[in-house]
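User: I'd like to go through this one by asking questions. Can you take them one at a time?

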Amino acid sequence: MSKDLSTWLDTLLNELQGIEVRRRSSRRIRVDVQPDALPALLELLRGRASYVHLSAISCVDWIDEGEFELVYHVWSYEIGSLVSAHTRIARDPGVYISVYDIYTPAAFFERDIHEMFGVFFEGSPDMSRFILTEWDGPPPMRKDFDSEAWVNAHFDFQDYQPDWLQEIEAKGGGVAVRPDEQRFSRRDLDAS
Amino acid sequence: MRPENYEAQRQPPSHEYELNIGPNHPGIEGNYAFKLRLHGDTVLEGKADAGYLHRGFEKLMEGRLWIQNLAITPRICVPDPVPMEVSYVLAVEELCGLEVPERAQWLRVLQLELSRIAAHLFTFGGHAATTGMYSTMFWGMADRDLVLDLFEELTGGRVYHIYNIPGGVRRDIPDGFLDRVKRTLDYLESRLPDYDNLLFTNQVFVQRAKGVGTMSREQALEWGVTGPNLRATGLKFDVRRDDPYLVYEDLEFEIPSEEAGDAWARTLVRRKELVESIRIARQVVAALPKIRGTIRCPIPNPLAWSVPAGSAYTRVESSKGELAWYVVSNGGERPYRTHVRGPSQMHAVQVLEKLSVGARLEDIAQTMFSLDACPPEVDR
Amino acid sequence: MRDIDYKDKGGVLNPLKNLSFFGRKAVTVPLEPRPASANYRGFHLNDWETCIGCSTCQKVCDNAAITMVRIPDLPEDPVQGIRNLRPAIDYGRCCWCALCVDLCPTGSISLSREYVHTCLDSELDSYFVLPDAKGIHGTPYPKGWAKSEDADLVALERERMEELEPAERIGHFQEIVAGYDSNQAIIEASRCVQCGMCFDACPTHMNAPEYIRAIWKGDPEQAVREIYRTNPFAHTCGRVCTHRCEDACSVGHRGTPIAIRWLKRYAMDAVDHERVKAIAAEGKARFLSGKRVAVVGAGPAGLTAAFDLIKQGHEVTVLEAQAKAGGMVRYGIPDYRMPPDRIDRDVDVITSLGVKIQYQTRVGKDVTMAELERDYDAVILTIGLWMGRSTRIPGSDSPRVKRAVTLLRDVADQVKVSIPASVIVIGGGNVAMDVARTVARLQKQTFGAVKVTVTALEDLEHFLADPQEIKEAREEGIEILDARGPQEILFKPRKYEVDKVHGLRTWRVLSIFDDQGRFAPRYDEADEQIHEGEMVIEAIGQAAEVDLLGEDLTERLEWMRGRLKVDGQGRTNLPWLWAAGDMVLGPDVVSAVADGHRVAASINTYLSIQEDAA
């Protein structure tokens, strides 16, 4: 049974035009596919090769390239392998097609990606807010959203004045390097 | 006490009404809300509402060094932290091509199974409490603490272990540790008849749990159900066996399953898994003295660690189901993107919503606990 | 394996089973405090004696929970790599991951076996703690998670560098160490914890953390850029620097310090010379100030000053007595440590910026100081230490008694030097080692065997030469005798026109300095030795050849104990004259470079003020 299915899978992956297949291990296959061909690929994987389980949809914001990468991880219980289908869509306007009609779990992931990255999935059952109900800022997982700056702008930090510090300050010492002034603080680590 | 902005609203007369359970409610796991539309006692529609525990971990991790993220990973799901750690480090290891020493792999399995035991003991208590039986919860918490004692000794932390590190684990086992593991396992096993007596064969519980939140295998597959919840519908699928990682291929264990697909079947699968986890842990305890060598392969200076560009999707079987990290590196010192796929992202949202339609109000809490839904996994 | 029998519904008596629980002990948790397990990650303990304030804990802290606090009572010593900073922990942020423990270079931080800290809202200050060895509550809970071998994340071992074996290196002047390849360099660089102790210790404050970081990122060009910010003698310092950075390195407290010098050398060798020139020229002024500066002596100090001044838009002329530039580096350091083609590169970078060097122009003879004063807006004296000092013991005025600097210069200049089959060197510093090892190579080439004896006043514990040099010299067959005071040079009975040296008579040294710290050696006259040798080389120190200044100028200048008196910026008492380098500071390449920068900055200010006034 599963042997037939993997033959099916091979035929399928060989026949499809415009996709790039990389077998990374016996149970991991990476497929790069154009956005317009992805729903068809998933449909075929599910319908013809038993990839019935949508494990996750991941979104990556490649801001420098102006693209969102969407990765659909689908698993076949019968073949025992995971296909990760990668596709890239334009960051602006960031609209794509829902695969809810193929995989029911897509509803959660698409809603999540819409909320965190601002990608709109046409045909997804519910694109309303879920986690960030009262959030009024930009989609926070986008690379151009600086959460640290936002936090610094919106929260006050506890300011400590313990006795020991006052004693040291009286002797001429005191706070020398704050965490954010560290020579290679997380902010300028990549800049160098 | 009423909130300051409270205003009583007059509703037109109706047979339908709305009810919010949570975000703070004993019938809800964690900080999570479930909005129900009811007709009498019958649920017409349920809507999950998350976000009360959103910590932005995925965003936070993009700003930290690869190794600094170790401290975040266990915090995603508190009752069962080890699978989070392990799958994250597995992803980093896959990206870096690190060879993890065998001893470290066995130690990871030991942690994973101890963590599964602790998590299941926790869940039984919660589930029993939703049916009004609190003793199981007290017992479960007390016995779980014995496992946490082992974790404290092995990892230095009771709940947030931060023990796994890309390339291996952080320390070797302390002297006499395996004996104490053995003793605790023996004790836990000796407690099982008590638990059976108290909960699993207790007709009060059995009658209450049977037929609640039933789903068929087809539904489970369609809804993306995984883990014990999937096995309770008769599909013997377990990532540990069917997509093996670490040294699970070398271990002997059964995959318990049930056919009914209801709250009772799910709990029963967990109860049987407890036995299997004890069995696996015993195999590790027996094998560890023979597996010598280092517990960590050499890794670069954490401050200087750039991980080669690429992406990895690593799945493990947590106590709740399929757990995976999708980790992307652009060759930098920090992850470019991390995405966690928690089993509860399905169980606590869509599956719970679907199972609640037509259910009775008093079964909602039980359904949620029987799915072992962990809201922190949804919120991240 | 026990399985569940859930089909057993029991009977009416089933509940009676639970009567057994009356006989069981309830689960109780004792209330009194107990220490946690042996590896517990509790509150921080910090051994202030071991802590060096390097701030690595702060760097690796996940949650930015660590603040470095300056404590004035504690010692601060950049040379030894000790800062008076200590970490203070904000327990409102700490997540107890213990990475601070695992990455601590010295192992001073550990976590205690204490579970609980809590307080009222009004006492939140108690969450900000400056831990010492007693911990958060002053009650010494035992150590929990502490430094251990398996959890240590500091790479203590230095990446090995290939070098020639003693037998392979003795017969010629080829460089001994091979240098890192890119792979080795990245591994070595990645050991660095970026504490910046090296930066503090370096006389010219090189941005070592930055260039090490650039190397581990695989970007040697960026490393070269960082190097040239503070040091135009990059090839030179990458090979023969006295590397105080490595002495201060925080990793060196428990392991081998990062090979900072070799990493610099790697970066310089890895980048194409033309690229180096382009990088060095970055930031050069696009205007000309119209001011002219003369530099006397093309050594590290002079050329560094020239490098800075030309980049600031001034016109610089360097006057060099020898045929080639490089000063003491070229003429004082043997080729097996400092290959001449690398000095050529350093000099080429500097001249490519427009610095003019007039070779074989001896000030005082070819051109006078008075002319320089007249023709230039400022003059820098960087004439080095070219005059070897003499022991002035009987016989030391013989022509068969040589001075180390002279001999080394002759070898570097490829003047034919005749070396006898046995030689005695007096002195225990690096110059003594250089000359001994040079002589050894010449002997090997001529006679096929080495016979060099080094006698030093100091005992081995207080030797002035680098331990590495001593080790290598011994490997090459050089005999090193410590605590020997030279008394007389012995000659063979006079048969020829020239005296023939027979040997050196020494006494054992009891002490070198008197109570006031003045040089006054005491000897044990009973312990007398005669060392045989046909040539004696004195390597006991050098002085500046200041007679080139001329009588008039010497009169006008202020002196202190035979050295030219300068202020902190290298200015003499004459407004147009500066002095820098070995002649002011004593011999050290990197200090000379630092001095060159200092003087150049001072001159630039001086010239700018002149500009404004005019």
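User: In what order do the 3 strands of the open sheet in chain B run?
Analyst: The pairing is antiparallel; strands here are DSSP E runs of at least two residues, helices are H or I runs of at least four, both numbered from the N terminus, and two strands pair if DSSP finds at least two bridges between them. β1 (16–21) and β3 (42–49) of chain B are the edge strands, each pairing on one side only. The order in chain B is β1-β2-β3.

User: Before we go on, what kind of model is it, and how is it numbered?
Analyst: It's a predicted model, where local features need pLDDT of at least 70, side-chain atom pairs count only at pLDDT 80 or more, and totals for chains, interfaces and linings use all residues. Chains are lettered from A and ligands numbered from 1 in the order in which they are written, and residues are numbered from 1 along each chain as its sequence is written.

User: Over how many bridges do β1(B) and β2(B) pair?
Analyst: Strand β2 covers residues 33–39 of chain B, and its pairing with β1(B) is antiparallel. One facing pair is Glu16(B) opposite His39(B). The bridges between β1(B) and β2(B) number 6.

User: Which helix packs on that sheet?
Analyst: The helix touches β1, β2 and β3 of chain B, with contact meaning C-beta atoms, placed from the backbone, within 7 Å. Its direction makes about 150° with that of β2(B); axes are lines fitted to C-alpha atoms, for helices over the stretch in contact, and angles run from 0 to 180 degrees between N-to-C directions. The helix is α12 (residues 361–370) of chain B.

User: Is α7(C) parallel, perpendicular or oblique to α11(C)?
Analyst: The axes of α7 (residues 220–230) and α11 (residues 273–280) of chain C come within 9 Å and cross at roughly 45°. Under 35 degrees counts as roughly parallel, over 145 as roughly antiparallel, 65 to 115 as roughly perpendicular and the rest as oblique. So α7(C) is oblique to α11(C).

User: How many charged residues are on the side of chain B that touches chain C?
Analyst: The contact takes 34 residues from chain B and 39 residues from chain C. α4 (135–155), α5 (177–200) and α10 (263–287) of chain B each supply at least two residues of chain B's side. That side has 15 nonpolar (Ala, Val, Leu, Ile, Met, Phe, Trp, Tyr, Cys and Pro) and 7 polar residues (the others, Gly among them). Its charged residues (Asp, Glu, Lys and Arg) number 12.

Key:
Two residues are in contact if their C-beta atoms, placed from the backbone, lie within 7 Å.
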